Amino acid sequence: MNPPLISIVIVTFNAGSTLQSAIDSVLSQTYKHTELVIIDGDSKDNTLEIIKKNSARLGYFISEKDKGVYDAMNKAIDAAKGDWILFLGADDTLYNDKVLSDIFAGRDIEEVDLLYGDVEFTTNKKRYGAEKDYLRLVERNICHQAMFHHRRIFEKLGKFSMRYPVLADFEMNIRIFHDETIGKKYIPIIITFFNNTGMSSSVLDRFFHADMLKKFLEEDKMPFLAPQLQQYHFYHGLISLFSGKPGIALRQIPASWISGKRKLFYFLFGIKFLLRTLIRDKIIIKPGEPK
């Protein structure tokens, strides 16, 4: 059996300070059946210089304006030639030079569509990840930097939804884990050093939590106070509050304080957001595309 081709995708925008480290972590892999795909969003710093310096070793690259990170990731799905695709951030690096060999060399993955493992946070060296089923995934997402998608997934489920400019990877994972015909395999190794200082907590996804909460309650028939729904109640309520819908906020936010494992966390988090509005710290709600 021929070893599978792995496409490592790096999406960039003004990433000149970190991009070369990400590229080096891919090109140094002992597993050689790889291609590196870079999708740039028309950077204005030295990102293009770094891309061109490495162009001879890239499978594909393009630089043009896009509609955000998930638009770029969708472009990469079309451009990539690999059997498997890993989406790596421009400020992330693969954990070591043997990680792809550890995952793909000699491993029986014929019936597997999704391979996933763990990440190590760059800020505190904490390891994050665990084996998931649908309910555990609903409660807490997997970092996409630790996930290898076989292209069969995108052929079956489609690409990342442009409705969710902040959390489209979470929505994709919910689709994947809801589908029992998609083979999933957890490998308990660290795949990526993950820069967890990424998108600010000031940037909220307008539709994600409300849409998912509706799905879980109406389609999956989950109880309103199911502990897995804690974050969805909180953020749906918070966004409703900032969107001038206090009635919804008064229903949803308290629900996050009386269910789930992180009651005190969401109570204090809610107070923090309210204090930030009093000092005029800007909260950004990104709407995404309508249905």
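The radius of gyration used here is taken over C-alpha atoms, and the globule rule is 2.2 Å times the number of residues to the power 0.38. The model on screen is predicted.

**Whole chain**

Start with everything selected. For 291 residues, a compact globule would have a radius of gyration near 19 Å; the chain has 20 Å, so the two agree. Turn the view along the principal axes, and the C-alpha atoms fill a box of roughly 55 × 45 × 35 Å. Colour by secondary structure to see 11 helices and 11 strands. Colour by accessibility instead, and buried residues make up 52% of the chain. If you display contacts between residues at least 6 apart in sequence, 77% of them join residues at least 24 apart.

**Helix α5 and V138**

Next, select residues 134-139, which form helix α5, and pick out V138 within that helix. Is V138 buried or exposed? The relative accessibility of V138 is 0%, and buried means under 20%, so V138 counts as buried. Now show what surrounds V138, leaving aside residues up to four places away in sequence: V138 touches F170, F216, Q228, L229, Q231 and Y232. V138 and Y60 are 78 residues apart in sequence, and their C-alpha atoms are 34 Å apart in space.

Move to the loop between α4 (99-104) and β6 (114-121), where D113 is found. D113 has a relative accessible area of 11%, which is under the 20% limit, so this residue is buried as well. Show side chains here and look for R152: the side chains of D113 and R152 make a polar contact at 2.7 Å. Which other residues does D113 touch, not counting those up to four places away in sequence? Besides R152, they are W84, F148, H149, H150, I153, T181, I182 and G183.

**The cavity**

The last stop is empty space. Rolling a probe the size of a water molecule over the atoms shows where such space is left. The structure holds one cavity of 30 Å³ or more. The volume of the largest cavity is about 50 Å³. To find the largest cavity, select its lining: G117, D118, Y128, G129, A130, K132, N141, I142, C143 and A146. Colour these residues by class, and the lining shows five nonpolar, three polar and two charged residues.

Methods. Residues numbered from 1 in each chain as written. Predicted model: local features only at pLDDT ≥ 70, side-chain atom pairs only at ≥ 80, totals over all residues. Heavy atoms only, no water. 1 Å grid on protein atoms, 1.4 Å probe; cavity = no way out; pocket = protein on both sides within 12 Å on 5 of 7 lines; lining within 4 Å. Points joined across faces, edges and corners; volume = space filled by probe spheres on them. Nonpolar A, V, L, I, M, F, W, Y, C, P; charged D, E, K, R; others polar. Helix = DSSP H or I, 4+ residues; strand = E, 2+ residues; numbered from the N terminus. Buried < 20%, exposed > 50% of the residue type's maximum accessible area, 1.4 Å probe, protein only. Polar contact = N/O pair within 3.5 Å; in protein donor to acceptor, adjacent residues only side chain to side chain. Contact = heavy atoms within 4.5 Å.
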